[in-house]
Amino acid sequence: MAENMNQRAFQGLRRRAVLLTLSAGLLLVPAAAFPEKSVTSLLDVRPDGRSGAFLLICDGAFQFSRRVDSEPPRVVLELPNVRNAIKEAKLPVDSEVVSGISISAATGGVQGTQVVFDLKRPCPSTVRGEGATLVVRFDTAAAAVPGAAGAAAGAGSAPLPPKTDAPSRPDAGVAGTASPARLGVMLPTERSDYVIGGEDLLEINVFEQPDLNRTVRVSGDGTISVPLLGVIPVSGLTVKETEARLRDLLSAKYLTDPQVTVFVKEAKSKKVSVVGAVEKPGTVEMLGQRSLLEAISEAGGLTQQAGKDLYVLRSDRSGATTRIDVDLDDLMIKGNPELNIPILPGDVINIPIDRILHVYVDGAVRKPGEVEYKNSRPLNLLQAIAAAGGLSERASQKGIVLIRNRPDGAQEMYKVDLKAVRKGKQANMVLVNGDSIYVPETFF
């Protein structure tokens, strides 16, 4: 028993030592220690117009570490196992402190993304995870006052090291985890955690009190009307919290230990709009967790008019809208799980309706007539002939003519040698809407 008591005491001391280290802001997580498997992508790096901070927006949970360099002054953020979905390597910046932002692959042989804030002068900074967004804030006021950097760094941040020619200290940083909350959030799967809002339809049941059972809709001001209790505000409460509030109110005056259950029959306050090339465009209720594919499925699935890409439009609390581009072939045909992102209430899923174009193939082909194709998937000469069944036995490969109508009504004619096209000696022309292809017959 004494041995067990000593072991528990040692574990308690070790936990306290870890907590002290954390409170001192000295905990560093090596990049190699981060999980190897992740499907998170960096979607955007942009200034937050409300606070002067910078936002790194991802589509799921991620881990990060920060390093502060003094020569040249800069803040380096490492996002292990986060895929870079930003095309630009350098981003334009109009800031009092930041002179530039560059995005590249992570260093040290670790897969991931590195974001570097080049500074005009040394400046204390804080890094804080807000859901799947990393908020980077620079204290410009402290930067302007000599010696104020250390005092203004704040909790969870590290002051800039003194200016020196030595390389940056490995402990001049912080590390942490950003969990999904804005982009890439996984909504609660339990209905007890559902947050009630206006227009939701609730079913309220009180055990062995049938006169108190009601189906009520939450009004626009976030209240419901319940017998004996009158008008009760419930907007912003979870289902479990609403049950507790009703139970407390009933037990205070009328019942002893009432058993109250609340069920959300219609989640009108949490909606996702699906528009464009789906069978049933409209709104999808978000009573629980929904992925992109589930939302599309609830809208009846894609139609034949769907284009090559879809867009998820997502607004944050400041009113700014982020567009997430998804390649439909990669999602639907290749089954890329990274693209089946979680959907948030208020999202708009836009599947653009693709324009159907036509060309005409006539002459010595097996199925002469009209060939349809989508605007997002250009059609070339060889593809058009193949769509018309291919050449017949009597077709002449050298005398093919492509006729194109110009906007002014005139016609352009191009002679094509199909053998030369197949050998790469002549261009395999990309067709435009209304083109006509004539394949003559050979005389031999």
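The questions below concern a predicted model, and each answer sets a value against a cut-off.

Q: How do you know that the length of helix H4 agrees with its number of residues?
A: Helix H4 covers residues 239-253, which is 15 residues, and at 1.5 Å a residue these should span 21 Å. The C-alpha atoms at its ends are 22 Å apart, which agrees with that expectation.

Q: Which residues of H4 are buried, and what makes them line one face of the helix?
A: The buried residues of H4 are Val-239, Thr-242, Glu-243, Leu-246 and Leu-250. When the helix is seen down its axis, these buried residues fall within an arc of 100 degrees, so they line one face of H4.

Q: What do the buried residues of H4 pack against?
A: They pack against four strands, namely E12 (201-206), E14 (223-226), E15 (230-233) and E16 (260-266).

Q: Why is the aromatic pair of Phe-54 and Phe-117 called edge-to-face?
A: Ring centres must lie within 6.5 Å to pair, and planes over 60 degrees apart count as edge-to-face. The rings of Phe-54 and Phe-117 are 5.5 Å apart, centre to centre, with 65 degrees between the planes, and the pair is edge-to-face. Phe-54 lies in strand E2 (residues 54-58) and Phe-117 in strand E8 (residues 112-119), so the pair ties together parts that are 63 residues apart in sequence.

Q: Why do Phe-54 and Phe-117 count as buried?
A: A residue is buried if its relative accessible area is under 20%. Phe-54 has a relative accessibility of 5% and therefore counts as buried, and Phe-117, with a relative accessible area of 0%, is buried as well.

Q: What makes the pair of Phe-54 and Phe-138 edge-to-face?
A: The ring centres of Phe-54 and Phe-138 are 6.2 Å apart and the planes stand at 75 degrees, so this pair is also edge-to-face. The pair links distant parts of the chain, since Phe-54 is in strand E2 and Phe-138 is in strand E10 (residues 133-138), 84 residues apart. Ring pairs link Phe-54, Phe-117 and Phe-138 into a cluster.

Q: How do you know whether Gln-114 is buried or exposed?
A: Gln-114, which lies in strand E8, has a relative accessibility of 10%, and because buried means under 20%, Gln-114 counts as buried.

Q: What joins the side chains of Gln-114 and Glu-78?
A: The two side chains are joined by a polar contact of 2.7 Å, where the cut-off for such a contact is 3.5 Å. Glu-78 is also one of the residues that Gln-114 touches, and others among them include Val-76, Ser-102 and Thr-107.

Definitions and conventions. Residues numbered from 1 in each chain as written. Predicted model: local features only at pLDDT ≥ 70, side-chain atom pairs only at ≥ 80, totals over all residues. Heavy atoms only, no water. Helix = DSSP H or I, 4+ residues; strand = E, 2+ residues; numbered from the N terminus. Expected span 1.5 Å × (residues − 1). Buried < 20%, exposed > 50% of the residue type's maximum accessible area, 1.4 Å probe, protein only. Arc of directions from axis to C-beta. Contact = heavy atoms within 4.5 Å. Phe/Tyr/Trp six-rings, centres within 6.5 Å; stacked < 30°, edge-to-face > 60°. Polar contact = N/O pair within 3.5 Å; in protein donor to acceptor, adjacent residues only side chain to side chain. Lists of a residue's contacts leave out its neighbours within four places in sequence.
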